[in-house]
Amino acid sequence: MKLRNWKSQPYITLVFLAIQTAVFLVAFLLPGLMIEFRGSMFGAAIVLNHEYWRFITPLFIHFGLMHFAVNSVILYYMGQQVEAIYGHWRFFAIYLMSGVAGNLLSFAFNDVRTQSVGASTGLFGMFGAFIVLGFHFKNNPAIQAMVRQFALFIGLNFLFGMFDQTIDFYGHLGGLLGGILMGNIVALPVKSIKGYSIHTRIISGMILVFLVGFCFVYGLRKFNVF
């Protein structure tokens, strides 16, 4: 019974939240470690020093208390919902791969001097996964209402991102695309849900692989690697 109760808890969400909280506290208490600089999405460090972990680590690092607090609240509340619907390992894959996709798009299209961090790439991936749910649950008013709310939030964020240079527009866009594609790839753990055909999943996987490869190569070209 205890094991069943534990499995029903959003423990992946809590683990992600615990990691970014621990990283924030260490960065705050030990500023000499320069965690924000060492783990940020910074193209020059990736290309020149081969620091490829920077495609993942920015997901758990934040610039300042407000940045950390806002992203943590969104992750806590929305992560529970996405994890409950998709299941633990599917949520794990969606969140991490969306973060990587967002950082890759940032690597490819942002200025070479840009440094970015934050869980928002993964958060936008969750929004993207919810958009996929909206497509498959067209007759569910609760899910449709949430999809409309998230769509409004996404639209406003992209609008502000076009004028606010502190917002990583490409990181958010990449996270959103990654979440949509991953939502199709992993599907739902319910066999009765129609629409997750093997063809849809394969095509989504091919698009994701192409997106990852294209962004990586295009980012390298900015540094005259090719």
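This dialogue reads a few features of a predicted model.

User: What span should helix α2 have, and how far apart are its end C-alpha atoms?

Analyst: Helix α2 covers residues 11–29, which is 19 residues.

User: Which residues of α2 are buried?

Analyst: The buried ones are I12, T13, F16, L17, Q20, F24 and A27. They sit on the same side of α2, because the arc they cover around the axis is only 140°.

User: Why do residues three or four places apart in an α-helix point the same way?

Analyst: An α-helix has 3.6 residues a turn, so residues at that spacing point the same way.

User: What do the buried residues of α2 pack against?

Analyst: Their partners are α3 (35–39), α5 (65–86) and α6 (88–109).

User: Where is M78, and is its side buried or exposed?

Analyst: M78 belongs to helix α5. Its relative accessible area is 4%, under the 20% cut-off, so M78 counts as buried.

User: Which residues does M78 contact beyond its neighbours within four places in sequence?

Analyst: With those neighbours set aside, M78 is in contact with M126, F127, F130 and F150. For one of these, F130, the separation from M78 is 52 residues in sequence, while the C-alpha to C-alpha distance is 10.0 Å.

User: How many salt bridges are there?

Analyst: The count is two. A pair qualifies when a side-chain nitrogen of Lys or Arg lies within 4 Å of a carboxyl oxygen of Asp or Glu. Another is D111 with R113, where the closest N and O atoms are 2.8 Å apart.

User: Are the residues of these pairs buried or exposed?

Analyst: Take each pair in turn. R54 is buried, at 2% relative accessible area, and E51 is buried as well, at 14%. In the other pair, D111 is partly exposed, with 41%, whereas R113 is exposed, with 67%.

User: How many cavities of 30 Å³ or more does the structure hold, and what volume does the largest have?

Analyst: There is one cavity of 30 Å³ or more. The largest cavity has a volume of about 70 Å³.

User: Which residues line the largest cavity?

Analyst: The lining consists of M41, G43, S106, F107, N110, D111, V112, T114, K222 and F223. D111 in this list is also the salt-bridge partner of R113.

Terms used: Residues numbered from 1 in each chain as written. Predicted model: local features only at pLDDT ≥ 70, side-chain atom pairs only at ≥ 80, totals over all residues. Heavy atoms only, no water. Helix = DSSP H or I, 4+ residues; strand = E, 2+ residues; numbered from the N terminus. Expected span 1.5 Å × (residues − 1). Buried < 20%, exposed > 50% of the residue type's maximum accessible area, 1.4 Å probe, protein only. Arc of directions from axis to C-beta. Contact = heavy atoms within 4.5 Å. 1 Å grid on protein atoms, 1.4 Å probe; cavity = no way out; pocket = protein on both sides within 12 Å on 5 of 7 lines; lining within 4 Å. Points joined across faces, edges and corners; volume = space filled by probe spheres on them.
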